[in-house]
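Student: Please take me through the structural terms that apply here, setting each value against its definition before drawing a conclusion.

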Amino acid sequence: MTASIPQTAALQVENLHKSFAGIEVLKGVSLTAEKHDVISIIGSSGSGKSTLLRCMNLLEFPDSGRLRVHGEELELTPNHRGVRSRRFQRQIERVRSRLAMVFQSFNLWSHMTVLENVMLGPCLVLKRNRIEVEAQAKKLLARVGMLEKCQMYPDCLSGGQKQRVAIARALAMDPEVMLFDEPTSALDPELVGEVLLVIRELAEEGRTMIMVTHEMRFAREVSSKVVYLHQGRIEEQGSPEQLFNAPQSDHLRRLLASQY
Amino acid sequence: MMDILTRFSGQLLAGAGLTLQLTAIAALLACALALPLAIGRCSERGLLRWPIRLFVSFFRGTPLLAQLFLVYYGSGQFRLELSQLGLWWFFRDPYYCALLTFVLNSTAYQIEILRGGLRAVPYGQIEAGVAMGLSRCNQYRKIILPNAYRIAFPALGNEIILLLKGSAVVSVITLFDVMGQTRRIFSQTFDLSVYLWAALLYLLMTSAFVWFWHRLELCLTRHQRVRQAPSTATAPASKRVSAGVSP
Ligand SMILES: Nc1ncnc2c1ncn2[C@@H]1O[C@H](COP(=O)(O)OP(=O)(O)OP(=O)(O)O)[C@@H](O)[C@H]1O
Ligand SMILES: [Mg+2]
């Protein structure tokens, strides 16, 4: 981190608002992820965690707010939701390509092999050379322990294996920030470990990550910052020690008590 | 019974040629037309959606024979106008009229079939593409259409079989497809067994098509059939992770 490079946050959202059918789900959320941050978002069901994450890469279009990804800034207003200019659409696609998302339900493309799943993004979005992409994809698959299954289709993999492929697919985009939405919630308990292991490695390697999780112990171990979302607002945030050892808000205290 | 076959097999086969030709060309053209229209049919914009709905409900809701008469005899009413437009050569010819009717009819059915396929594409898979920054065009090319066509595949095969059998109506506008040839042979010989041979010929064509379509389907859906015993998949996985992730 030399002084000559201006310190820009990897991802910054400001004053995000989002309503579904008149019900406000996000009520002005601001969050900054500096480079190498690992931010865990916790909160009870329905508090808007997924919505927040999905607003970050515009899978949901916020009603208002500001989004900044590595210098690129998007001012979001409701009239952007309908027909968009081509330029704005390009900008959205560019922002999305910088943020990789790992879904709770994996969402692998079922008609493509594991290798093809990992290669699609770099080939078509980043428009990189196919041979290089294949080499890199195999390296990433080896990393998550899935290289020998690279010619298989997702339907023949276990949940944990699917999620590891999904992580490799996200990594292949060489993203600025990785977004995880409850990556282990759809897994059998005995498969959770293998996925958390991969995520932990990524955290230790200095990847910038934002994850929604119910794995409190894991969040505590890997996060640099924990954010507690309650009814569409950030009620508390800080280091894992602060939040888990000395929670300030009653809601958070109750949530933690119910988890242990 | 057999002598009918030996005497007229050439004509019956020629008829089969015409039947297959009409069906194949119409099915292919309809396939090309149905894709953009089905996408338009799923569009949010009413301006796009409504005309397509109207088109589909007309061609699905009326008999093929009536459509054929409308195109062939109906166009005769506008001979002057069509001549001026330089289109009369097309509508004068029963072959082209039959082809046009079949294309329109099959397009209508294929739009509906594809629409079902498009709607059934798992939304999460589309979202994974969107989240990656895939352009709309690439989403269709790589994710939506491969899924939609696989889902629609059996129904599309069904539609083509219906079209093949339905094409028998062209015999009433003087085309000599299998049915047309059969009717001619019958009028010459008054031997009812020729209808049996015609039926067998249709059966042969549809069976061959069903076999071919099934092979194609197996090939397209191989990703759904390669499941293996899950027990071998899970056990050593965690070990491989720890072995694989050394930096
Ligand atoms: N597409 C949608 N349409 C309408 N309402 C929605 C939509 N998505 C989310 N909501 C509503 O927004 C609220 C927040 O949902 P969200 O999925 O963000 O919660 P969450 O914190 O992720 O919960 P969980 O822990 O159960 O995943 C919920 O009340 C939900 O019903
Ligand atoms: Mg959620």
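This is a predicted model: local features need pLDDT of at least 70, side-chain atom pairs count only at pLDDT 80 or more; totals for chains, interfaces and linings use all residues.

Student: Why are α9(B) and α10(B) described as roughly antiparallel?

Tutor: The axes of α9(B), residues 178-189, and α10(B), residues 193-220, come within 9 Å and cross at roughly 165°. Axes are lines fitted to C-alpha atoms, for helices over the stretch in contact, and angles run from 0 to 180 degrees between N-to-C directions. Angles under 35 degrees count as roughly parallel, over 145 as roughly antiparallel, 65 to 115 as roughly perpendicular and the rest as oblique; α9(B) and α10(B) are therefore roughly antiparallel to each other.

Student: Which residues make the contact between α9(B) and α10(B)?

Tutor: From α9(B) the contact draws on B:V178, B:M179, B:T182, B:R183, B:I185 and B:F186, and from α10(B) on B:V194, B:Y195, B:A198, B:L201, B:Y202 and B:M205, where contact means heavy atoms within 4.5 Å. These residues divide into 10 nonpolar, 1 polar and 1 charged; Ala, Val, Leu, Ile, Met, Phe, Trp, Tyr, Cys and Pro count as nonpolar, Asp, Glu, Lys and Arg as charged, and the others, Gly among them, as polar.

Student: How many residues of each class are in the contact of α1(B) with α8(B)?

Tutor: The axes of α1(B), residues 2-41, and α8(B) come within 11 Å and cross at roughly 145°, and this crossing too is right-handed. The contact includes B:T19, B:L20 and B:C31 of α1(B) and B:Y140, B:Y149 and B:L164 of α8(B), and by class it has 12 nonpolar, 2 polar and no charged residues.

Student: Where does UniProt place the transmembrane region feature in chain B?

Tutor: The unreviewed UniProt entry places this feature at residues 50-73, 94-111, 160-180 and 192-213 of chain B, and such annotations may be inferred rather than shown by experiment. In the model, residues 50-73 of chain B are 92% helix and 0% strand, with end C-alpha atoms 28 Å apart; residues 192-213 of chain B are 95% helix and 0% strand, with end C-alpha atoms 32 Å apart.

Student: In chain A, how do you know that β1(A) pairs with β2(A), and how many bridges join them?

Tutor: Two strands pair if DSSP finds at least two bridges between them, and 8 bridges join β1(A), residues 11-20, to β2(A), residues 23-33, in the antiparallel sense. One of the bridge pairs is A:H17 with A:K27, and the hairpin has 2 residues between the strands, with A:A21 at a positive phi near 50°. β1(A) is also joined to β4(A), residues 64-69, by 5 bridges, again antiparallel, with A:V13 partnered by A:L67.

Student: Why are β2 and β5 of chain A at the edges?

Tutor: The open sheet of 4 strands has the order β2-β1-β4-β5 with antiparallel pairing. β2 and β5 (72-76) of chain A each have a single partner strand, so one side of each is left without a neighbour in the sheet. Neighbouring strands are turned by 15° against each other on average, direction ignored.

Student: Which strands stand at the edges of the sheet of 6 strands in chain A?

Tutor: In the order β6-β7-β8-β3-β9-β10, where the pairing is mixed, β6 (99-102) and β10 (233-238) of chain A are the edge strands, each pairing on one side only. The twist averages 20° from one strand to the next. Within this sheet β3(A), residues 38-42, and β9(A), residues 225-230, pair in the parallel sense over 4 bridges, with A:Y228 as the bridge partner of A:I42. Helix α9 of chain A, residues 250-259, packs on the sheet and touches β3, β9 and β10, its direction making about 105° with that of β9(A).

Technical notes:
Residues are numbered from 1 along each chain as its sequence is written. Chains are lettered from A and ligands numbered from 1 in the order in which they are written. Side-chain values use heavy atoms; hydrogens and water are left out. A crossing is left-handed if the near helix is turned anticlockwise from the far one by less than a right angle, and right-handed if clockwise.
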